[in-house]
Amino acid sequence: MRAALAQHHHDTPPEVKKVLYGLAPEYGGRRVPTGGCRAKAARQLMRGVPQADRSLPARLEKQAMAASAQDPRLAAVGRAWTSCMERAGHRYASPETAAHEPRWRDNGVPTEEERAVAVADVRCQEETRYLPTLVNVTAERQRELIGRHATELGRLKRLMEIRARNVAEALSADPTAPSPPAAGEQGGSA
């Protein structure tokens with residue numbers, strides 16, 4: 001994907017780049033907006049959005065997962081799962097290590113051993129209530145973090161709502177009509 005994007009940017013004709021990035025004062029008898037058409041589009045899409053940390057949800061997700069991994073309930077269930085797997089003849093530290101066993105990669109059709117490990121894994125997860133415990137512990141941690149960061153998450157939600165409205169407006173606009181000038185611009189359109 002990155003290569004395709006890079007290739008796309010290399011194939012952009014120079015006169016188009018000038019308009020996109022505001023490197024020419026006008027094109028085809030029309031004034032190029034300050035910063036180019038890309039900057040104008042960004043201003044239009046971000047018009048009225050509050051400042052918000054867009055990386056917050058990903059950081060909170062990582063924090064919730066890390067806190068869950070340290071929870072004694074999950075540790076106890078993990079030990080019970082490991083013991084169950086050992087009784088079935090399989091040594092794995094966690095369901096994740098069993099699932100990501102290097103021998104299971106790129107084999108096409110699962111081997112007998114892979115099927116046996118998968119069956120034992122499912123049985124042991126059911127027996128120990130591994131998945132319900134993981135979900136409950138993680139959900140608790142997520143709720144705690146959501147409560148602590150409610151204001152910031154609310155601001156981010158508002159940002160996304162306003163931006164979605166701006167996108168809908170931009171998509172419904174007549175592309176041939178001159179657009180109103182942005183703050184600090186003298187009319188014209190991209």
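1. Order of elements. Along the sequence, the chain of this predicted model runs α-α-β-β-α-α-α-α-α-α-α. That gives nine helices and two strands. Helices (H or I, at least four residues) and strands (E, at least two) are DSSP runs, numbered from the N terminus.

2. Basis. Residues are numbered from 1 along each chain as its sequence is written, and side-chain values use heavy atoms, with hydrogens and water left out. As the model is predicted, local features need pLDDT of at least 70 and side-chain atom pairs count only at pLDDT 80 or more, while totals for chains, interfaces and linings use all residues.

3. Burial and surface. The chain has 190 residues, and 26% of them count as buried (under 20% relative accessible area, 1.4 Å probe, protein chains only).

4. Contacts along the chain. Take contacts (heavy atoms within 4.5 Å) between residues at least 6 apart in sequence: 64% join residues at least 24 apart.

5. Helices α2 and α3. Helix α2 spans residues 14-21 and helix α3 spans residues 36-46. They pack at about 35°, with axes 2 Å apart. Axes are lines fitted to C-alpha atoms, for helices over the stretch in contact; angles run from 0 to 180 degrees between N-to-C directions. From α2, Val19, Leu20 and Tyr21 meet Gly36, Cys37, Arg38 and Ala39 of α3.

6. Arg129. This residue sits in the loop between α7 (112-128) and α8 (130-148). Arg129 is not a glycine, yet its phi is positive, about 60°. Most residues other than glycine have a negative phi.

Key
Buried < 20%, exposed > 50% of the residue type's maximum accessible area, 1.4 Å probe, protein only.
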